[in-house]
Amino acid sequence: MKAKDIVLKKSEKIEGVEVKGPWLDDAQSLEEVVSYYYRIGFQATHLGRAIEIWRKVEEKRERGEEIRVFLGYTSNIISSGLREIIAWLVKEKKVDVIVTTAGGVEEDFIKSLKPFILGDWEVDDAELRKKGVNRIGNIFVPNDRYIEFEKYMIPFFERVLKIEEKLSRPLTASEFIYEMGRYMDEKLGKEKEKSVIYWAYKNNIPIFCPAITDGSIGDMLYFFKEERRDSRLIIDIANDIVKLNNLAITAKETASIILGGSLPKHAIINANLFRGGTDYAIYISTAVPWDGSLSGAPPREGVSWGKIKAKADYVEVWGDATLIFPILVWMVMKARGQGYAQ
């Protein structure tokens, strides 16, 4: 065979969607540009699929069909400005169940007291430590935020203890967080109106946090119980797993939208295992699958475990959620009339 025949091997005819981006002279809005994402290729196509899947879920809910939406996210999501977008989704009842980490709870409360400050990636971390400033990527959190948080949490623990004594049982972590929402409603001003916890309390949307002590809440609990050695304050996580699993089992259909990985991701898809898998799944993550971690496991791996249905609509968008999630939410919730570009 000649070299030319090898290089220019005859191809078979294939059908499909033409790869095509927006012509900017014709685009009148960002929505029109994003409407081309499905056709651009690479991760833009995955984001286009995510928009399509979530829109399908929203349209079903608007028609009155029962589909329970689970939202999972790690604490760094609340550290960032995505906190306000999630709070809006909860306020508008666009999600039904939340699973997060301890930071995803406490940082939401703390931000209702004092804001986090935009910093830089390239800093002297030892110098920051001397100044009592903690760093989350390029976000700075001075220690006075946690000092202010303690002023609220110690009286809150006293309140929880009284509730538990009255009920003759410990509160579950989700009940504990619900009571935090009630506490915010009573003690905080307008700042609470951008809080996930506050709106979850107002709309009775459960927030699950199996690792509730893995953060500042745990630090405050340590101080509280060390100072009150006879305290019987307990947070029950065993009954929460029953409640979470049953929320999946009793749903006609479920959708799982997960930002990041780790515990929230697994708690949601494992709960869906008990019903034969979730029907819809959107993952947004920077984690890779090559180390076998759950954080990097793609949706199709979840199919092998029965945590995602074999016939489910699912997609994983590889990228930073702070870039992707605002576009996804806007296109689903605010730009509904903008379909795919032809």
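Predicted model: local features only at pLDDT ≥ 70, side-chain atom pairs only at ≥ 80, totals over all residues.
Colleague: Which hand does the crossing of helix 4 and helix 16 have, and how many nonpolar, polar and charged residues are in their contact?
Modeller: The crossing of helix 4 and helix 16 is right-handed. Helix 4 contributes Leu47, Ala50, Ile51, Trp54, Arg55 and Glu58 to the contact, while the residues from helix 16 include Ile324, Phe325, Leu328 and Met331. Divided by class, this contact of helix 4 with helix 16 has twelve nonpolar, no polar and two charged residues.

Colleague: How are helix 9 and helix 10 oriented to each other?
Modeller: Helix 9 (residues 144-167) packs against helix 10 (residues 173-187) at an angle of about 120°, and their axes are 11 Å apart. Helix 9 passes helix 10 in a right-handed crossing. Roughly perpendicular ends at 115 degrees and roughly antiparallel applies over 145, and the angle of about 120° is therefore one for which the pair is called oblique.

Colleague: How many charged residues are in the contact of helix 9 with helix 10?
Modeller: From helix 9 the contact draws on residues including Tyr152, Phe156, Phe157 and Arg159, and from helix 10 on residues among them Phe176, Glu179, Arg182, Glu186 and Lys187. Ten residues of this contact of helix 9 with helix 10 are nonpolar and none is polar, and the number that are charged is five.

Colleague: Is serine 231 buried or exposed?
Modeller: Serine 231 is found in the loop between helix 12 (216-227) and strand 8 (235-236). Not counting residues up to four places away in sequence, serine 231 touches Leu161, Phe224 and Lys225. Its relative accessible area is 13%, and because the cut-off is under 20%, serine 231 counts as buried.

Colleague: What share of the residues in the protein is buried?
Modeller: The protein has 16 helices and eleven strands, and its C-alpha atoms fill a box of roughly 85 × 50 × 45 Å along the principal axes. Of the 342 residues, the buried share is 48%.

Note on methods
Residues numbered from 1 in each chain as written. Heavy atoms only, no water. Left-handed = near helix turned anticlockwise from the far one by under 90°. Helix = DSSP H or I, 4+ residues; strand = E, 2+ residues; numbered from the N terminus. Contact = heavy atoms within 4.5 Å. Nonpolar A, V, L, I, M, F, W, Y, C, P; charged D, E, K, R; others polar. Buried < 20%, exposed > 50% of the residue type's maximum accessible area, 1.4 Å probe, protein only. Axes fitted to C-alpha atoms, helices over the stretch in contact; angles between N-to-C directions. Parallel < 35°, antiparallel > 145°, perpendicular 65-115°, else oblique.
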